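Hi,

Here is the structure I said I'd pass on.

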Amino acid sequence: MMNCRVLLIDDEEELVTTLVERLEIRGICADAMTNGHDALEKMRDVDYHVVVADLKMPGLSGPEVIEIIKKRYPKVKIVLITGHGNTAHSEQEYPVNEIDEILMKPFHIDNLIEAISRVLDISGEEKQ
Amino acid sequence: MEFFKQMILPFRLLKNTDKSEDLKRYRRLWWYSVVLTLLVSLVPLLIMTGVNFLMFREAILTEIRYDLSRNLSSTSRSLQFVIEERLSALRYTVRETTREELLDEERLSETFQNLRNTFGGFVDLGVISSDGVQEVYVGPYNLEGVDYSDQSAFDEVIIRGMYVSDVFMGHRHFPHFVISVKYESNDGDFHILRATVDMDYLNRLIYVPNMGHSDDIFIISREGIMQTPSRSHGYLLESSTIDVPAFSPDIEIDETLSGTNLTCFLGYCYIENTPFILIITKERTNLLVEWFERQSLLLVFLITSALLIILVVFWSVTKMVKHVRAADRHRTQVLMNIEYTNKMATIGRLSASVAHEINNPLAIINEKAGLLTDIVSITDEFPNREKTLKALGTIIGSVDRCSKVTHRLLGFTRKMQTKSEFIYLPQLLEEVSNFLGREALHRNINIYHDARGDIPSIESDRSQLQQVFLNILNNAVAAVENGGKINIIIEPVNGQKVAVDIRDNGSGISEENLTHIFEPFFSTKGEFGTGLGLSITYGLVQKLGGTIDVESELDVGTAFRITLPLKHEPSVE
């Protein structure tokens with residue numbers, strides 16, 4: 001299994017907690033946070049390899065959180081998950097340079113794991 | 001080009017719903033304009049012509065009246081003079097000659113000859129004594145001893161001293177009249193010198209130069225008996241067809257009297273000391289005809305200008321109404337385009353927000369079902385394991401179906417950003433139609449590419465353009481029969497844009513459907529379509545700064561026209 005730590009940030013608590021549980025079943029160490037502030041707090045204590053963040057959240061929005069994380073921890077990889085299509089937003093809203101992968105909700109858990117593997121540049125063999 | 005301009009969607013709608021009402025309105029406008037303009041321009045012209053006619057008429061009437069009174073005046077003066085001259089001759093004779101001399105037949109004959117030679121017109125001469133008997137007579141007939149005492153003429157000459165008689169045939173059987181003069185001697189006795197004057201003598205005087213064909217000049221007596229022959233107002237010594245006009249000392253012109261059937265001018269003049277009334281009639285010529293003849297130049301001018309005015313009015317009004325109609329059309333078209341764009345934008349926003357709101361709960365359902373699957377999978381001896389896994393699989397499968405819809409609705413593409421690169425559209429379209437190559441080949445569908453003119457490369461997003469053209473070509477392939485035809489025409493527009501026409505000769509789209517084809521979930525393919533293809537296409541084209549138009553006719557085919565800018569600056573909403 002992957003030897004990495006993942007932080008999930010989404011205001012939908014049921015979604016992130018379930019995802020954490022499912023990732024852990026698959027041997028991936030994951031934590032869930034429901035807002036940007038808590039996530040940033042958490043990151044002071046734990047080193048994460050990948051942050052999976054929602055685009056739209058109350059308080060700090062996805063792009064804002066991502067920007068701060070990228071500033072503080074440039075090595076951390078970012079996967080953006082969103083319920084929006086690209087028609088709903090103008091392109092300026094996406095911090096495209098900071099994002100490594102985008103997933104459209106709802107997604108398959110395997111797709112998430114694939115995305116995480118990709119951003120960590122782990123080949124399929126290694127992953128297995 | 002023209003085909004498209006006329007046929008783009010909103011205009012088609014307008015054309016078909018309001019056609020008859022619309023036409024009626026413009027026809028009314030046309031009539032109003034034509035009638036009004038003609039009235040304004042022709043009425044003054046006609047009034048001018050009418051005034052001209054009236055003035056002409058007045059001038060002609062005055063001329064006729066003047067002519068008539070001049071003729072009357074000169075003729076009556078001649079007549080009066082001739083009669084007066086003869087009366088004077090008799091007066092002179094009766095004064096200068098004693099009664100005895102007059103009664104001497106030889107002497108009277110001499111006097112008669114003198115009068116005849118000097119004045120002319122005398123037929124005979126006689127002397128009547130106070131008892132009314134003609135005592136001496138010189139002339140061609142034997143009238144000596146005739147008693148005139150019972151005639152009214154005799155009484156009159158006694159009272160007035162002179163007398164001019166009506167014309168009569170008398171004993172001589174040719175028209176003549178009598179003039180008599182009384183001479184009263186100092187002893188109170190009197191005698192009368194009586195002469196007969198040949199009427200021919202007067203007839204010769206009754207002459208009017210330039211007499212018209214139906215004009216007439218004649219004399220009637222105060223009793224209305226014709227004294228001279230006339231052309232059309234009665235024979236000599238018969239009653240005149242004209243009533244005796246009222247007495248007037250002056251020349252009178254009467255325009256209302258009608259003799260025979262012709263309306264004519266009638267001028268008359270009572271000749272002093274005689275029973276004669278000189279009458280001249282002049283046929284009232286058809287003044288309108290005369291006016292037409294005399295004013296032919298004016299008339300030609302009038303008709304020409306009227307025709308010219310009518311022509312110009314028709315031409316200009318038609319042109320104006322056409323312009324108005326075109327302008328109205330254009331305005332309606334623009335308005336409907338705006339309306340349609342707004343509607344599509346609203347639908348787009350609505351469906352995007354609905355899809356977004358659904359995606360989050362879908363994700364939760366998905367993960368919960370996934371978690372349950374995980375748990376069931378890793379738990380040994382799970383009761384009803386297979387059944388549960390199957391049910392969970394169905395839940396996840398249904399979520400998949402939902403998410404497919406919401407993803408398409410949101411126009412999701414893996415690449416979130418629009419990547420600009422230079423694209424040569426003919427090449428891109430070749431690539432896209434190659435995707436369909438197999439199906440096209442299988443169904444024997446011909447896809448023709450026609451790049452017209454020098455087509456510039458455009459700066460746009462390749463994958464999104466591919467999706468746009470793939471969608472439309474897919475539809476075209478689905479619409480045509482086996483062996484059908486699809487034409488792709490690419491041409492530059494004004495050096496600012498590039499237009500791509502994709503035409504098929506397929507089944508076409510009904511007018512009703514044509515208004516909805518860009519709306520999401522509108523599908524004519526029944527179970528086979530999601531109704532999102534063209535909606536996404538519409539959204540993508542708009543996003544790329546282009547426009548998409550469609551026109552279609554059932555059983556003839558459908559044409560899409562996509563116009564793309566050379567370079568699109570994304571607008572910030």
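Predicted model: local features only at pLDDT ≥ 70, side-chain atom pairs only at ≥ 80, totals over all residues.

Strand 4 (residues 176-184) of chain B runs antiparallel to strand 3 of chain B, and three bridges join the two.

Helix 6 (residues 152-160) of chain B packs on the sheet here, where it touches strand 3, strand 4 and strand 5 (190-198) of chain B. The direction of helix 6 makes about 140° with that of strand 3 of chain B.

Zooming out, the sheet in chain B is an open one with five strands in the order 2-1-5-4-3, paired antiparallel. Strand 2 (134-138) and strand 3 (162-164) of chain B each have a single partner strand, so one side of each has no neighbour in the sheet. From one strand to the next, the twist averages 15°. Helix 5 (residues 105-118) of chain B also packs on the sheet, touching strand 1 (122-129) and strand 2 of chain B.

Now for a helix pair. Helix 11 (residues 425-435) and helix 13 (residues 462-479) of chain B pack at an angle of about 55°, with axes 9 Å apart, and the two are therefore oblique to each other. The crossing is right-handed. On the helix 11 side, the residues in contact include B:L428, B:L429 and B:V432; helix 13 of chain B brings, among others, B:L465, B:F469 and B:L473. By class, this contact has eight nonpolar, two polar and one charged residues.

Cheers

Technical notes: Residues numbered from 1 in each chain as written. Chains lettered and ligands numbered in written order. Axes fitted to C-alpha atoms, helices over the stretch in contact; angles between N-to-C directions. Helix = DSSP H or I, 4+ residues; strand = E, 2+ residues; numbered from the N terminus. Parallel < 35°, antiparallel > 145°, perpendicular 65-115°, else oblique. Left-handed = near helix turned anticlockwise from the far one by under 90°. Contact = placed C-beta atoms within 7 Å. Nonpolar A, V, L, I, M, F, W, Y, C, P; charged D, E, K, R; others polar. Pairing = 2+ DSSP bridges.
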